[in-house]
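Me: I would like to go through some helix packing and aromatic contacts in this model. May I put a few questions to you as we look at it?

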Amino acid sequence: MSSTAVSSPSRLRLPRWAAPAGVAVLFVVAYLVFRGTATLPHDKEAPQFLAVTDLREWIDDHRNDNPLFLYFLNYIRLFVGWLYGLFQSVLYALGWPGITGVMGALAWLAGGWRIGLAAVAGVSAFGLLGLWQSSVDTLALVAVSVLLSLAIGIPLGVWAGLSGRVRRVITPVLDVMQIMPTFAYLAPLALFFHIGAPAGAIATMIYSIPPAIRITALAISEVSPTAVEASSSLGATRRQTLFKVHLPLARSTMALAVNQTIMMALSMVVIANLISAPGLGGDIIRGLSRAQVGIMLPAGVAIVIMAVLLDRTMMAIAHRGPHAGLRKVDLAAAGVLAVAGVALIPVLPRTWPDSLTVNFVAEVNDAVRWAETSWYGVTTLIKDLTTSILLNPLETLLTSAPWWLVALAVLAVAWRVSGVRPALTALVCLLAIALLGVWEHTMQTLSTVVVAVFVTLVAGLLLGVAAARSPRYSAVQRPILDAAQTMPAFVYLLPALALFETTRFTAIFASVIYAVPPVVRLVEDGIKGVPATVVEAATSAGSTSGQLLWKVQLPMARRAILLAANQGIVMTLAMVVVGGLVGAGALGYDVVVGFSQRPDFGMGFVAGIATVLLGVMLDRITQGADRRPSPRKRKST
């Protein structure tokens, strides 16, 4: 009888899914009852939009008499402009023979003859594509941005690596900076630094600083405490310990910080063309505005070549040991290459000869038209099915639901998945979006992001699991992922625009191929990180391959998969906003219109802020999920 009394409560206990299911039913009923009310439609003439536009007009009128601009911001702009002009003048003075020789020599010294010759071929390709001047302008802009980013980021990273307090203060700021889509940097910088090369360089610098700080801090903090203690015990001062122990031992990791800063800068300089920054971005933006892949493709190829060359050079430096010397043969060959390039400056023209360029704009446009007509049925079917089955229903649901019901739903999901603090952060972000007056367009953007993230995670899980379980497949896939992660974001718009024209689905497709590589890597590493003893125990217990995956590997790789979801959301959001240039609409379109049409600047500025808030909301939910214990662990405790 006592055993019955003890066991009866367990029979009455509700299943774990009962409470979430009941809450979901309540939300469905509330939606059906209140659908179409409190929807906060978009108003292009909202007072807050007009107020920001008026603020820009006032700033433009008082840029040369307000003390903040006259004695501070204008000097920053002038200094950055002078630095850009200096780099540009040096590169123009070298001309194509000098740049080719010097770049080839530096690459040879960094990674040997293969990278050296690849650099010579890559720099020559800029001229062959007919983009020599644009490529030089982009190189100058990247050089200025990276120099400023490292000059600020490395000291801050060293400080954060040495001080836990500084690291705790600076980490939330870096989180927000990395969540912010690239577009969000442009509006405030155009407001305070006007437009042109200086504003573009400052925007690129701010965007590329976070990895310089983060990786440097990580490198310094991971220096062996034993080496630091040994240095202190020998009487070294803190300054001597920093320069003799910390920095030399962190050298290879800090080289990765430089590499990532360069990659981020290359990704941003294209978008910076929206505020009139010079370089290859102008060709890509012009091709997007005309929906002509033939104009975009040469510039996209040039950016990819530039990114690959700089990436390989910096990776070679990172992999070279701190005490690795240079062979005399390499020194001699690099010297000959550099001297030959400089010696040819007065002999050959400094700009690439037009007779040596290759123009294939018409051929590419013809190929795109052929693809559109030949694959029209397949691409249209994929686009229409995704739009009608996923995108349209979700957008209708979010835009027709009352704002307070959406806010409660986000609060409930965030609370369930991540806990109280992330849930309150998500709620505050959503309420701020409502107050900004861009609720409807935010819901449209959110629907696009959700669909893109869903497709990204499905593809990433499938490819990541396949790579983790097949070393041969992983070896084939890894170089493709390396190349995909090297490419700047704008390059992904090329195949999307060629296959699907300018539609919302174009932005989704570009977002998926942009965000899938890091998701695949994280899933693969997470599954490979499952202890071999656990896998062997499950196999010896008779688990099939499917049971091993679903019962052991995926649950134990939960943290990596949640991190993959977080990165997928952040990267997808950034790319969906960029997709405003290819028909994505909503917040991305508002931002683009705000830059291109002066009366709509306020709407674009507010849309950029709303995009940041949306990114913070989604990021905090998934980051919190990574820190919460599993339900089984909570139950056991």
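Me: In which helix do phenylalanine 601 and phenylalanine 605 lie, and how many residues apart are they?

Reply: Please note that this is a predicted model. Both phenylalanines lie in helix H28 (residues 601–627), and they are four residues apart, about one turn of the helix.

Me: Are they buried or exposed?

Reply: Phenylalanine 601 is buried, with a relative accessible area of 1%. Phenylalanine 605 has 18%, and because the cut-off for buried is under 20%, phenylalanine 605 is buried too.

Me: How many aromatic pairs are there in the whole structure?

Reply: A search of the whole structure finds six. One of them joins phenylalanine 34 and tryptophan 404, with ring centres 5.2 Å apart and planes at 75 degrees. An angle over 60 degrees counts as edge-to-face, so that is the class of this pair.

Me: Which helices hold those two residues?

Reply: Phenylalanine 34 is in helix H2 (residues 18–34) and tryptophan 404 is in helix H18, so the pair ties together parts that are 370 residues apart in sequence. Phenylalanine 34 is partly exposed at 37% relative accessible area, and tryptophan 404 is also partly exposed, at 28%.

Me: And what is the geometry of the phenylalanine 601 and phenylalanine 605 pair?

Reply: That aromatic pair is tilted, at 6.0 Å centre to centre with 35 degrees between the planes.

Me: Which residues do ring pairs link into a cluster?

Reply: The cluster consists of Trp96, Trp132 and Trp352.

Me: Changing topic to packing: how do H18 and H19 cross?

Reply: The axes of H18 (residues 403–418) and H19 (residues 420–436) come within 7 Å and cross at roughly 160 degrees. Angles over 145 degrees count as roughly antiparallel, so H18 is roughly antiparallel to H19. The crossing is right-handed.

Me: What makes the contact there?

Reply: On H18 the contact residues include Trp403, Val410 and Trp415, and on H19 they include Val420, Leu427 and Leu431. By class, this contact has 15 nonpolar, one polar and no charged residues.

Me: And what of H4 and H15?

Reply: The axes of H4 (residues 67–111) and H15 (residues 328–343) come within 7 Å and cross at roughly 170 degrees, so H4 is roughly antiparallel to H15. Among the residues in contact are Gly98, Gly101, Gly104 and Trp108 of H4, and Asp330, Ala334 and Gly341 of H15.

Me: How do the residues of that contact divide by class?

Reply: The contact of H4 with H15 has 11 nonpolar residues, four polar and one charged.

Terms used. Residues numbered from 1 in each chain as written. Predicted model: local features only at pLDDT ≥ 70, side-chain atom pairs only at ≥ 80, totals over all residues. Heavy atoms only, no water. Axes fitted to C-alpha atoms, helices over the stretch in contact; angles between N-to-C directions. Parallel < 35°, antiparallel > 145°, perpendicular 65-115°, else oblique. Left-handed = near helix turned anticlockwise from the far one by under 90°. Contact = heavy atoms within 4.5 Å. Nonpolar A, V, L, I, M, F, W, Y, C, P; charged D, E, K, R; others polar. Phe/Tyr/Trp six-rings, centres within 6.5 Å; stacked < 30°, edge-to-face > 60°. Buried < 20%, exposed > 50% of the residue type's maximum accessible area, 1.4 Å probe, protein only.
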